[in-house]
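Dear colleague,

Please find below the structure I wished to pass on to you, followed by a short account of what was found in it.

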Amino acid sequence: MDRPYARVPLGRGRAVELWCEEAVAGLGRRVAAGTADVVVTSPPYNRGVPYRSYEDRRPRAQYLDWIGTVAAAVDGVLAPDGSFFLNVGGSPTDPWLPFDVARRVGERFVLQNVIHWVKSIAIDRASAGRAAALERDLALGHYKPLVSARYLHGAHEYVFHFSRRGDVRLDRLAIGVPYQDPSNVRRWRTGAAGRRCRGNTWFLPYSTIRVRARDRPHPATFPPELPEWCLRLHGLSRIRRAVDPFVGIGASAVAAVRCDVDFVGFDLDPEYLRVAAERARAERSTTSRRRRSSAPTTRASASA
Ligand SMILES: C[S@@+](CC[C@H](N)C(=O)[O-])C[C@H]1O[C@@H](n2cnc3c(N)ncnc32)[C@H](O)[C@@H]1O
C-alpha cells in the first residue's frame, strides 16, 4: 500500500498523514532516518484491552521483546536532538509494567524526564492555601473506580521522556504556569515572564463524555493536550516532524494540527484511523477559525 489512509494538509507543505500499517514496518518505510524531532506515543500495554483488531495479551517476555523492537524502530527515525515521549500506565495488580517497559526502552535511550500524567486529583481547601480562595475541598477529573480493600484507584500514568544523550534543551515555559506568589518572581532569574516551569506532574483530566461509542470510540486514549504539551515542551520551532507509531483515534494528530506541525501516524485499525482523520479535519477547521479571528486587522480588511 503506497498511499496513506488519509492526508490532512495543514499548509506550507505540512500535513497530518495517517497510515494503516504495522508500526515497526511503517516507521522503516515512511519516515526517513533522523527526521522525527518528536515521537509521542502510547503503545498497547499488554493488559487485555479490547481493541477492535489488535490482541492485547501475550507472554510478558514476548511483549517486552516487541517493545524492544519498537524502540529500535524509533531509534532509526529519531533526530539527534529528538525527544521520545512514551506514555505507559500500570494497573494496581501489575504496577511494574511501566518500569519494565521503560527499562527496555532505556537500553537504547537516556531517560531524561519522568512525567506523571495525573487524571484525577483531590485538593483539600486547607492545603491549597488562602491565595487559591477555594470554597471547599476539590475532587477533580475522572478515574476508573476500583472496589478493593487492598488497592487505591489508579489516577495517573507515566510519560517517560527519552532522548539520545539526556541533554535535549526544552522550552519549559511554553507549558509554564504563572507564579502563585508574584513576590517570588523577582527572586528567580527565569521568573521574568511571570511564569515558572510546570514541573513533572501534569493534571490532564479526560473530558466528560455521554456516549462512549460516539464520543470516544476507542478503549485506551490519551487527551490531545497530553501530546500537545509534549510537542510544546520539546519546542515547536525545532520540530520539523512529529510521529506517533500507535495513533489510535488520533489525539496526537489533533495536537499536531493545533501546533501546526508536520505529522505521521500509524495504526493497524482502519476504523480508528477513520475517526482520527475526522478529528484532525475538525481540529483544522477550529484552529484556522481561531487563528483568523485573532489575526490583527489589516488596513484593507478594516476598510472593506
Ligand atoms: C494505547 S492505543 C493508542 C491510543 C491513542 N494514543 C489515542 O489517544 O487514540 C494503542 C493503539 O495501537 C494500535 N496497535 C497495536 N499494535 C500495533 C502495531 N503493531 N502497529 C500499529 N498499531 C498498532 C492499536 O490498534 C491501538 O489503537
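**The second largest pocket**

The second largest pocket holds about 480 Å³ of space. Its lining is made up of 14 residues, of which I123, V177, R196, R198 and F203 are the closest to the centre of the pocket. Please bear in mind that the model is predicted.

Three strands, β6 (120-123), β9 (177-178) and β11 (201-203), each contribute at least two residues to this lining. The largest share belongs to β11, with three residues. Sorted by class, the lining of the second largest pocket comprises 10 nonpolar residues, two polar residues and two charged residues.

**The protein as a whole**

The protein contains nine helices and 13 strands. Along the principal axes, its C-alpha atoms occupy a box of roughly 65 × 55 × 45 Å. The radius of gyration is 20 Å, which agrees with the value near 19 Å that a compact globule of 304 residues would have.

As to burial, 43% of the 304 residues count as buried. The accessible surface of the protein amounts to about 16,600 Å², and carbon and sulfur atoms account for 51% of that area.

Finally, I considered the contacts between residues at least 6 apart in sequence: 71% of these contacts join residues at least 24 apart.

With kind regards

Key:
Residues numbered from 1 in each chain as written. Predicted model: local features only at pLDDT ≥ 70, side-chain atom pairs only at ≥ 80, totals over all residues. Heavy atoms only, no water. 1 Å grid on protein atoms, 1.4 Å probe; cavity = no way out; pocket = protein on both sides within 12 Å on 5 of 7 lines; lining within 4 Å. Points joined across faces, edges and corners; volume = space filled by probe spheres on them. Helix = DSSP H or I, 4+ residues; strand = E, 2+ residues; numbered from the N terminus. Nonpolar A, V, L, I, M, F, W, Y, C, P; charged D, E, K, R; others polar. Rg over C-alpha atoms; globule rule 2.2 N^0.38 Å. Buried < 20%, exposed > 50% of the residue type's maximum accessible area, 1.4 Å probe, protein only. Contact = heavy atoms within 4.5 Å. Areas by Shrake-Rupley, 256 points an atom, 1.4 Å probe, with all protein chains shown as cover.
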